[in-house]
Each structure stands twice: as C-alpha cells, then as structure tokens.
Amino acid sequence: MARKKKINGHYSRSMRATKILARQSIPSLTPTYRTPAGAAYTVDSHDLLAELPPDSVDLVITSPPYALHFKKEYGNVEKHGYVAWFLPFAREIFRVLKPEGSFVLNIGGSFNPKTPTRSLYQFKLLIALVEEVGFHLAQECFWYNPAKLPAPAEWVTVRRQRIKDSVEYIWWLSKTPWPRADNRNVLVPYSPDMERLIKRGYRAKVRPSGHNITHKFQVDRGGAIPANLIERGNNESNSEYIKACRTAGLKVHPARFPAALPEFFIKLCTKPEGLVIDPFAGSNTTGYVAESLGRHWISAELNADYVKASKLRFAAKGAARERKTTGRDSQPSLPFDSLA
C-alpha cells in the first residue's frame, strides 16, 4: 500500500504513488493536438474525466454553457434541467481533484422567460455541489465586466425596467476545507493613498469599526490583497487568436472568457508544473494561460471546430514570446504521458 502524507491536515497520496498514477495508460483517448505542456481533446468531458486517476488534478477551472433563456450556438442547457445535467460532471471533478485541489466555476445569471425576474439556477447548482457532491465553498467571487452589453434588451433598453447586468458568479470550491492557495501570488498595486501612508507613516489607532490599525500596516508587502470582485473587460476584437482564426477561415468561439480569470486562479491555487483541466474548454483560453504560467493542462471540448481553432492560440504570432515571459516555457511532458 502506498504511503500517505498529510497536506493541510488531510492525508494524500505519496509522490511515488502520484507518479505511478501519472504513467497509467489511457488507450481510449487520443488528443486532437498537443503542446509542450498540454493536450486538447475533442470529447465529452465526462468521458475524459472518467479516465483520469483519482486525486491527480490540482485545479479544474471552467465556464460551462450557461442556462440562458435564448439558445446559443455553443449549446446552453435549459434552466429547469441544469443541475441534473451538471452533477455527473461535478462528481467526476470531485473524484479527480487532489485533496488540496480547487474547482473554480464561472457561471452567469439568467432572467426567467417572459418576465423581468431572475432565475435561481446558479444558486441551486451551488447548493447541490456542496450538499450532494461534497464540495466545500472556499469563497464566492465575482467577475465584473464593465464592457458587457445591456441585456435582455426588452427589460433594460426598451422598457427600462431593469439595470445592466455586468457581474457573473465565480464559485471557488474545494475538495477539502484546506485547498492550496497563496494570495501573495495575486497581489495588486497599492492605491495612491496606501502608498502615501507607507511612505509617510500614520498614527496607530483603533478605528470606530473596532479594527486595530497598528504600525504593521505600514510595511510594504509588495502589493495589496485583491478583493473577491475581479474587474476585467471582455471586449477583445483584435487579439492574436481572432486574427489567426480569420486568416485560417475558422470560426471564432462566441463566448470566450478573458485570460485574466484563469490567470488569477491558476496563480492563486497552483504551483508551477501543477495540472490544470478545463472540461468545457471552448477556445482553450485556460490551456493557453496555464502553459504560459508553467503549468500542465488538459482541455476537453465537444465542438471539433472550436478545438481546431483553439490550436491557433499556440501558433499565433506572439504566442511563443508571451510564454517565454514566465521564464518557465520549457516544461517536461504532460503528467499523463500515455494519453497521447
């Protein structure tokens, strides 16, 4: 029996056992393409996840099709059946995560049909993920997209009865209460006021809120701890990926999320050479960002056209240069070598 060690208070597989699992053959799967650090599959993600060893993945981050009222070409699911549809994927994600691993789920809200009221489907899913699958809610985060268009038009721009919906939910879930995370990896620049306080100093005191502000607050720690509200626009129209798709005559994925989202959580929740998986990869933003940050990656996407186009991310002008900026672009082969 493989020896185990404690990680954050919980027993995990030994490094030797993990390496043995990583060499297991999975002959039923063939990647559509590979890179030095990853592999993309045109496959139902449930089938891919089911083939992976348990306790083997550091981070699953994804943005699955939302339960929208109007059908989208990338295959969104009806609201009333969304939880039942997603839970089989969630159970496999739970199984393959390491005890210290995280599952980051970006999911948008939706209006109910024919009325200006909101669906609760994303909250029902969160409750089911915790109470039925066994995940822990590490933290709820929010993606604020200031460039998001006002919708649905009937309630926002025509009747003027609702305001613009510019925030999407990000459920940060974990297999145990102690996922790996280090917020020092995602510090943000200090505000001008904080920079002045660090430089000039200030009088230690207890604020009316009860917080005891001591001289320790004057220490420059390299940046401020980020909030759980992540502000990133998603209005790219001239990226290298889009240029490459147009040149090759391939369709651009219509619902890409910004690279800043996977970048934030990959830095927060993983270490270099960790394994990141996106089971609803779309244009494979996650895989591209993971490789640029020195992590291994696996992506699954059902639409063959989207997978074919996503390969252009790694071949587009500037891609190699961007990967080199991390200083870790020379990576060992994917942990699951025999997948190929």
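This is a predicted model: local features need pLDDT of at least 70, side-chain atom pairs count only at pLDDT 80 or more; totals for chains, interfaces and linings use all residues.
1. A search of the whole structure finds zero disulfides. Cysteine 141 is in no disulfide, and the nearest cysteine sulfur, on cysteine 269, is 8.8 Å away. Cysteine 269 is likewise in no disulfide; for this residue the nearest cysteine sulfur is that of cysteine 141, 8.8 Å away.

2. Burial of the two cysteines. Cysteine 141 has a relative accessible area of 5% and is buried. Cysteine 269 is buried as well, at 1% relative accessibility. The cut-off for buried is under 20%.

3. A cis peptide bond. Check the bond from alanine 151 to proline 152: it is cis, with omega near -5°. Proline 152 sits in the loop between β7 (136-144) and α5 (153-158). Most peptide bonds are trans.

4. Positive phi at aspartate 55. Aspartate 55 is not a glycine, yet its phi is positive, at about 55°. The residue lies in the loop that runs between α2 (45-51) and β5 (57-62). Most residues other than glycine have a negative phi.

5. Positive phi at asparagine 284. Here phi is near 60°, again a positive value in a residue other than glycine. Asparagine 284 belongs to the loop between β12 (275-278) and α9 (285-292). Is asparagine 284 buried or exposed? Asparagine 284 counts as buried, because its relative accessibility is 1%.

Methods. Residues are numbered from 1 along each chain as its sequence is written. Side-chain values use heavy atoms; hydrogens and water are left out. A disulfide is a pair of cysteine sulfur atoms within 2.5 Å. Buried means under 20% relative accessible area, exposed over 50%, partly exposed in between (1.4 Å probe, protein chains only). Helices (H or I, at least four residues) and strands (E, at least two) are DSSP runs, numbered from the N terminus.
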